[in-house]
Amino acid sequence: MPPHPGGIEVMVDTLFQGLRRRGHDVRWIAASTPEAPGVLGPLVRVPAWNWLERNLHVPMPLWTAEGVRQLHEQVRWADVVHVHDCLYFSSSVATALSRVRRKPLLVTQHVGQVPYGGVLDWVQEAAYRTLGRTLLQSASEVVTYSPHVVDYFQKVGVKAPLRIIPLGFEPRFQPITEAERRAARRDWGLPEDTPLVLFAARLVPKKGVRHVADVQRKLAEDGVSLLVAGEGPLENLVEGLPRTFHLRQVDHSRMHLLYACADVLLLPSRGEGLPLTLQEGMLTGLPAVVSTDPSFVANVSQAPGVSLVEGTESWARAVREALAAPPPRQVIADWARERWGLERFISDYERTLESLVTRSAVRAPHT
């Protein structure tokens, strides 16, 4: 959970806060990284071993026995258990405990195949066809937020239906005035009038960091600056780039201002569910240049202000075109708002969870 960066963390936090605002008693249990283990109200941070993320860029913590014990307590307490993604160790344990305790299980599957490269891709594919498929088949209900994730899991043999619930975002993600935009740039020490391309992501291979560096070397010749917001093992690829500002990790509560003060979002990533960076940026009216990853093709190929292209030259050209003739930010924001509204997102999950509890109560034996 935050402050660990990532789209799943932000999505779960948005849902967690939304359900609590509506009066539901929600507890969130997750690996403690980077915080210390402990319990703070409804937040339960458990000890975990995070070697895979530190060494292979695979964010897959392995919980300790104490973490499993605490998870068992939470499953016993809950009316319904909500698991995020099918390959995490904690997801398998939560699924097994849900079956033992006869608790309904909702799974949100955020992504399909993520390209790590080499043997990791083979291991991932095998895991999805065995462990992942078994877990998804055993769930009471499975949801995702992108059609291409549905397609992928149908191909690997998941027979259970995957229902789509589009994501939702806080109202602060919206266009701002020109005066606010300039003020935001000043706050971060950025030039007020220079064309500014934003890359906001963890600096790991799947996000296309190397491609971003190659594109910026070309754009810098035109006087375009790059703003990088994120940390990770590939930081060396952005250090020393011409006309580049590196803010490292920006608190999510301020990300709406970062999107709003940029001119174009560049995200040549792979293996996505549907990146929050793209959705949040579009809600502020930010044009975007992305790859032809299946996630982007399935979700934003018809969106105003979004270019889906491949290759360094094509990405650079698309950025130049967006800077030269930017579409109206309000048009982009309106398109995004129609699809990714916060209250609809919370309501869809609320109805799903309540339905699972009701069905479980009907099936329970009378005593």
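Student: Where does Pro3 lie?
Tutor: This is a predicted model, in which local features need pLDDT of at least 70, side-chain atom pairs count only at pLDDT 80 or more, and totals for chains, interfaces and linings use all residues. Residues are numbered from 1 along each chain as its sequence is written, and side-chain values use heavy atoms, with hydrogens and water left out. Helices (DSSP runs of H or I, at least four residues) and strands (runs of E, at least two) are numbered from the N terminus. On that numbering, Pro3 is placed in the segment before α1.

Student: What is the omega of the cis peptide bond between Pro2 and Pro3?
Tutor: Pro3 belongs to the segment before α1. The peptide bond that joins Pro2 to Pro3 is cis, and its omega is about 20 degrees.

Student: Which residue does a cis peptide bond join to Pro34?
Tutor: Pro34 is located in the loop between β1 (28–31) and β2 (38–40). The cis bond there has an omega of about 5 degrees, and the partner of Pro34 is Thr33.

Student: Is Arg102 buried or exposed?
Tutor: Arg102 sits in the loop between α4 (89–101) and β7, and its phi is positive, about 55 degrees, although Arg102 is not a glycine. Buried means under 20% relative accessible area, exposed over 50%, and partly exposed in between (1.4 Å probe, protein chains only). Because its relative accessibility is 70%, Arg102 counts as exposed.

Student: Which accessibility class does Arg243 fall into?
Tutor: The loop between β11 (225–229) and β12 (244–246) holds Arg243. Arg243 is not a glycine, yet its phi is positive, near 50 degrees. Its relative accessibility is 41%, so Arg243 counts as partly exposed.

Student: How far apart are the end C-alpha atoms of helix α14?
Tutor: The expected span of a helix is 1.5 Å times one less than its number of residues. Helix α14 (residues 342–363) has 22 residues and should therefore span 32 Å. The distance between its end C-alpha atoms agrees with this, at 32 Å.

Student: Which elements do the buried residues of α14 pack against?
Tutor: An α-helix has 3.6 residues a turn, so residues three or four places apart point the same way. The buried residues of α14 include Leu342, Phe345, Ile346, Tyr349, Leu353, Leu356 and Ser360. Packing is judged by contact, that is, heavy atoms within 4.5 Å. The partners of the buried residues of α14 are α1 (7–21), β6 (81–84), β7 (105–108), β8 (141–144) and β9 (162–164).
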